[in-house]
Amino acid sequence: MSHQGKSLVEAVRSALVEVADPAKAPAMRAYMKSALPFLGAQSGPRKTALRKVFAQHRLGSAPEWRKAVLTLWREAEYREERYAAVELTGSRLYRDWQTLYTLPMYEEMIVTGAWWDLVDELAVHRIGTLLRLFPETMKVTMLEWARDPDLWKRRTSILCQNTFKDRTDLGLLYACVEPSLSDTDFFARKAIGWALREYAKTDPREVVRYVNNHGISGLSRREALKNVAE
């Protein structure tokens, strides 16, 4: 990794320690059921500190940026370092580097992150961005992920259009939901309900129709129809 990249990674680690409250770390770890320990750096102060660090340590190329992200991710000793890696992927400084070259990085983070606090931001705001920018390629990828044995890739395919509103590709949404309809896992059920609830803000009658026609029940149904008068 370049000198710039190393400086950024070191600065991120130092900043996280500076804003951490170690007394809060055990409760944060327990809430997230995390194998990695926490420093105790809460969301607000952490994000403020990271924005400052990112601005002070600008990276000069997309490969360097991806390398810094994956170094923070793979070498993380504390969960907040993984949060920082996710934040770095979404930094406005590197908006132009959201290309298909980032897909292997995001796939690694989703599969190895394997928990909602790490995966959902990537699903909705990174994979969703790639789908918007490169619809033909990403649609094929999301259809593959929808049938993947990995729960978190399936969850990502379901959630990736959550901010699309009236631009939602409804055929793609349903094609990503349907392979997981028989899955009893909480995170699959919740993802289905959440994605349908978001689309219900655009077309509630369509979501009611879909839920009823597919016999969607339990958690997925409650989530999907939370804000809808049936």
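The model is predicted, so to speak of local features a pLDDT of at least 70 is needed, side-chain atom pairs count only at pLDDT 80 or more, and totals for chains, interfaces and linings use all residues. Residues are numbered from 1 along each chain as its sequence is written, and side-chain values use heavy atoms, with hydrogens and water left out.

**Domains**

An automatic or database assignment sets the domain bounds, giving domain 1 (1-95) and domain 2 (98-229). Here is their interface at a glance:

| Item | Value |
|---|---|
| Separation of the domain 1 and domain 2 centres, over C-alpha atoms | 26 Å |
| Buried area (accessible area, 1.4 Å probe, lost on being put together, summed over both) | about 1,500 Å², 63% on carbon and sulfur atoms |
| Salt bridges (Lys or Arg side-chain nitrogen within 4 Å of an Asp or Glu carboxyl oxygen) | two |

Across the model, aspartate 117 and arginine 79 join their side chains in a salt bridge, at 2.7 Å from N to O.

**Helices**

Helices here are DSSP runs (H or I, at least four residues), numbered from the N terminus. Helix α9 (residues 151-159) and helix α11 (residues 186-200) have axes, lines fitted to C-alpha atoms over the stretch in contact, that come within 9 Å and cross at roughly 5°, on a scale from 0 to 180 degrees between N-to-C directions. The two are therefore roughly parallel (an angle under 35 degrees). Their contact includes Trp152 and Ile158 of α9 and Phe187 and Trp194 of α11.

Technical notes
Angles under 35 degrees count as roughly parallel, over 145 as roughly antiparallel, 65 to 115 as roughly perpendicular and the rest as oblique. Contact means heavy atoms within 4.5 Å. Buried area is the accessible area (1.4 Å probe) that two parts lose on being put together, summed over both.
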